[in-house]
Amino acid sequence: MFFDCNFQASDENSLRALEALMTEFFDGRTSNERKREIEAVLNNFGQTKESWRHCLYFMANTQNEYVMMFCLSLLENVVNRQWLGISVNDKLELRNTVNQYLLEKHTIVPSYIRNKLIKLVVDIGRIDWPHFYPDFFPSILQLVQQSDTVSLGVMILQTASEELASPREDLSMARKEELNKLLLLQVPTVLGLLNNILESVLEKHHHLVAATPPPSPTHGESESHRKSAIFMFKTSGRGVQLEALPPLDENAKQLCSLCLNCLAHFFSWIPLSSTITPQLLSTIFHFAGFGCEVRNVRASSPSSSASVNAQYLGVLAMNCINELLAKNCVPQEFEDFLVQMFQQTFSLLQKLTKESSSTSSGNRLEESDESYVEKFTDFLQLFVSVHLRRFENNAKFPILEFLALLFKYTFRQPSHEGYYHCLEIWNTFLDYLLTKLGERSSVTDSVIGRYKEALTSLVSHILQKLQFRYNQSQLEELDDESLDDNNETEWQNFLRQSLEVVAKVSELLPAETFQLIWEPFSEAVNIYAELGQFVTNGNQGRRLTITGENECRRLHCTLRDLSSLFQAAGRLAEHFIGEKFSERCSISQGLVERLVSCASIGSTNKLFEVESTAQTVLQPDFIQVHAQALAATKAYSHWLVQFYAQTQKPNETNQPFYNVINTILSSVAPMINKQIPEKVVHSASHLLLSITTTVRPCFLLEIPSMMTLYTASSQGSYIHLSQNVQHLVYRSLSHYLLLPWLNIAESEQDWEKRAALHQNFVNQLSADYLQLKDTRLLAENKTLYNKAIRVIQETLRMLEDWIESIAGEVVKSKKICFQSLQVITHVTLGIFPVYIQQTDVIESIMSFFLALFQGLRVQMGVSFTQQAIQTFMNLFTKEHLAQTIHEESSSAFRVIEKFLKILVLIVQEPGSQFKSFLPQIITISMDQIYPLVAPRPSPDMKCVLYTLLFEIINNNWRYFFKSGVLSTIQKPSEDIENGPQFIAIMQAYGQSFLQPDITIFKQNLESLELLNTKWKLYNKAIFKEMMLFQFLNVLLQTLVVKSHDLLQEEIVITVYNMASVDFEGFYTGFLPQFLNSCDGLDVNQKTLLSQNFKIDKDLPTFTQNVHRLMNDVRYYRQVNNYLPAGSITF
């Protein structure tokens, strides 16, 4: 079956053949090979000159939807790619035929065919309107105004908005700007027509009634205040309101849906102006009211489904409103419209939060459409975050009434997600208040006084909502086992989001928030403190005598709530420290003593070991309460620091503080045990770390519990605990000996004794490791070699943890630390060659040395540093580096990265001792590592390598350029030293811009800019003469192909900075050269592009010009990129 394109008589046969091919192609039984054959035939047909004409015939004479879609796709390709090469008469024929087909068939063909036809019509208008297609938009408006084509007209309007307001890349920038202006001129007419359609639909269903206005938002206030509020919120627009929402037929709902969708898209790009009239806003809000209609899910009549559809119109109307509200730039004259929008929203919010008689809970939101509630919440978020500041200062603005309704809306949310979104609105409001008070402290009292009642009520209800005693059935539904992407369970997420709002309110109302938490907290603590008397110790072990189902349930609720309130109390810690410490000391001391008491009770009673009739429920509760008591105590470690300082003052006794610390350590020490639940052990070890490193009282070594910890560590009692806990405990005990005691004079720090204790502690913990110094025996004994691997990795990981955490401390602490580790560092350097082929061990060794170089470089001394560096360089030969990289393991890559990071630290050193390594480092980087890493598609090791190259130049500028920055500007033609190395590094940067990895691209772009800012890199003669044009070319080519589009602004700024070195050279030399090298453009187009690129030297205009140039290069390439027509047969 085939047809000859030159013979019209064969069109009918060709159509039958095409239908057969398309049906065969989409038949599930057709093989992939056959499909490829059919695709080739269809593609060849599409290349023929007259293919579009045959497609018009095929569409007019087929019922096959596959054929219709194929023809439309081919026509779309003709319009978007070949339109400029078609004659005027052929364009007219194609346009008229498609328009006529759409007009006749839009109600018959499937929706996807109709939408494709609409898109085709708009694509033609996008290119030809108004110059060669003057009736494009008038004909659309005419369709909208005719009853039988109104739906079609609205669909074309929306498509025109989508395609003309922000056109794709296939138009020149000038044409894009022209289309935007042309479309803006049509906006008032379009909005007016859409408003008329929506109003006429409502009026057609003649349920417009002169309605009683909704209840006043200021109901119950004084007459004068009520009048002022009414003045603020008087209704604009039509004189009649719609009390009852009219039932709409299906056609009306479909038409309204199209109009609202169309409006939403227009609102997404048009600026706020008087074209958006009060009448239009009133109409949209009227449709928004449909969303407040209750879903009658129990109804059996057809109206129930109609109600759901009507609610969907409410969702679409809210889309329109939110598009308007999302605009931050609001002209002053539009603020009156915002007032009207708020007035309308106030009515909707009143309606949504009104009691409902159709559900047992009386909650109207439970019966509302979920999508509508979500859109309404979005509206409230936009209003509070973007526009509230415009009205909050107005004395007539009913902000408190609005907050009251928002309060009801928040706590009536039927879903947890809805509740979280509302909490986010409150967070936004609280941030606004905190920012306002931060900028204007003089209004603090008046602002807090105004909102005090609303905010305390908010905290009270949040605390109620998160307590099981009030809300058990809902809270039990929250999963507390599975972790989400943020490593939280559903319950933890709920609690965190709730407490974040409480904590934020406490910044405004600390005393009131504390009191609201203290009452339920104190009650729950009293119950917890008395549980010990309900535990018996019999032959079968310890048992809980509370056995009744209701008693166990109440105990479960109390324990869950106590855990939550511990966290709430912990969040308040920041309000009792700093300047507020003395003022609130008595309150906070009572709270801390209760927390410490709970921690002590938990450790003494060990209720998690007790058997009960509700074991599976109560045991996790006991564990959680104990862990949270310890965690809450830790939150007050900075308060303990201030409490400690106060007890050191004259006439103050130290005993209360000593008692608190002694109780804490007595509670912590027994809990660090493999028999204790992991949660409790983890909290105990974190609390221990806070006491030893944050509080740091001088008397800890006198406390028996502390000495027990040292003894147990030295005896290996903690080796069965998790690695994380071991590190916390060992770091706590190490750092107490290293860090200076607080509030103690330097002469009384007892450094000598503590240094000896620390040396002894290190030797005991690393005894097995120190036995590895006989490297000959290690290399010869395979069993010992393998056994030592675990010892090496665990010991070095522990010591690395110490070094990293001590790095920012005082010199004395770091000096003692390195003295204790000195023997270990020499042992480590000795075993390095033994394990050089064992990548996982080398990774541990390199991690340890990297930590040493980062944290204790000064204490290491020049001699040992040089010894270590020389060892690395001798062992990391070119062959070994290649072998390591070719392992293709993440461990091997990390070894190279750590080696490179150590080299970065070396090249950053200013001392002349380290400068001697620079030539060797450059050789290793550029000759040994770069050739292996650069060709790899993955970013492994590249970031660190390029960081090293940057630091080489940045910190060793005079290695390449002897003179300073000033002389560079005065005499740019200076000589360069080590030029080949500098050029090689710059070429490496240039090559990175040809690779797809956006992270590397961004890093290197920033590096070049930093070098230019600090050292005037772009002004250097060698850069200007040998590299400038190459860098400009590769950056502009990147913009043309849009391969790194996320970085286009950064790229343009770099191009500007490079061009600004010599604007004349850029415009007269580089730009013509760049355009001449651009493929796919003819001479005239290149000339036109060059002429259109205006000679501007300010950054904003230059940026616009570059974007315009890039767009137009892409456009001309696309215009030129179509093949000549031929003759193909099926």
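**Exercise 1.** Determine whether arginine 696 is buried or exposed, and describe its backbone.

*Solution.* Step 1: arginine 696 has a relative accessibility of 11%. Step 2: the classes are buried under 20% relative accessible area, exposed over 50% and partly exposed in between (1.4 Å probe, protein chains only). Step 3: arginine 696 therefore counts as buried. Step 4: its place is the loop between helix H27 (678–695) and helix H28 (704–714), where helices (H or I, at least four residues) are DSSP runs numbered from the N terminus. Step 5: the phi of arginine 696 is near 50 degrees, which is positive in a residue other than glycine.

The model is predicted, with local features needing pLDDT of at least 70 and side-chain atom pairs counting only at pLDDT 80 or more, while totals for chains, interfaces and linings use all residues. Residues are numbered from 1 along each chain as its sequence is written, and side-chain values use heavy atoms, with hydrogens and water left out.

**Exercise 2.** Which accessibility class does glutamate 888 belong to, and where does it lie?

*Solution.* Step 1: glutamate 888 sits in the loop between helix H37 (878–885) and helix H38 (890–908). Step 2: its phi is positive, about 60 degrees, although glutamate 888 is not a glycine. Step 3: the relative accessibility of glutamate 888 is 48%, so it counts as partly exposed.

**Exercise 3.** Describe the surroundings of tryptophan 269.

*Solution.* Step 1: tryptophan 269 is in the loop between helix H11 (250–267) and helix H12 (278–288). Step 2: with a relative accessible area of 18%, tryptophan 269 is buried. Step 3: neighbours within four places in sequence are set aside; tryptophan 269 is then in contact (heavy atoms within 4.5 Å) with Ser161, Ala165, Asn180, Leu183, Leu184, Val187 and Lys327. Step 4: glutamate 323 is 54 residues away along the chain, with a C-alpha separation of 8.9 Å from tryptophan 269.

**Exercise 4.** State the location, burial and contacts of threonine 513.

*Solution.* Step 1: threonine 513 belongs to helix H21 (residues 510–529). Step 2: its relative accessible area is 2%, so threonine 513 is buried. Step 3: not counting residues up to four places away in sequence, threonine 513 touches Val459, Val502, Val505, Ser506 and Leu572.

**Exercise 5.** Characterise the interface of domain 2 and domain 3.

*Solution.* Step 1: the domain assignment, automatic or from a database, gives domain 2 as 453–475 + 489–536 + 549–718 and domain 3 as 750–875. Step 2: the C-alpha centres of these two domains lie 38 Å apart. Step 3: four residues of domain 2 are in contact with four residues of domain 3. Step 4: about 350 Å² is buried between domain 2 and domain 3, with carbon and sulfur atoms giving 68%; buried area is the accessible area (1.4 Å probe) that two parts lose on being put together, summed over both. Step 5: Leu701, Ser713 and Ser714 supply 77% of the area that domain 2 buries against domain 3, more than any other three residues.

**Exercise 6.** Identify the geometry of the peptide bond between tryptophan 129 and proline 130.

*Solution.* Step 1: omega is about 0 degrees, and the bond is cis. Step 2: proline 130 lies in the loop between helix H6 (111–128) and helix H7 (136–144).

Key:
Helices (H or I, at least four residues) and strands (E, at least two) are DSSP runs, numbered from the N terminus.
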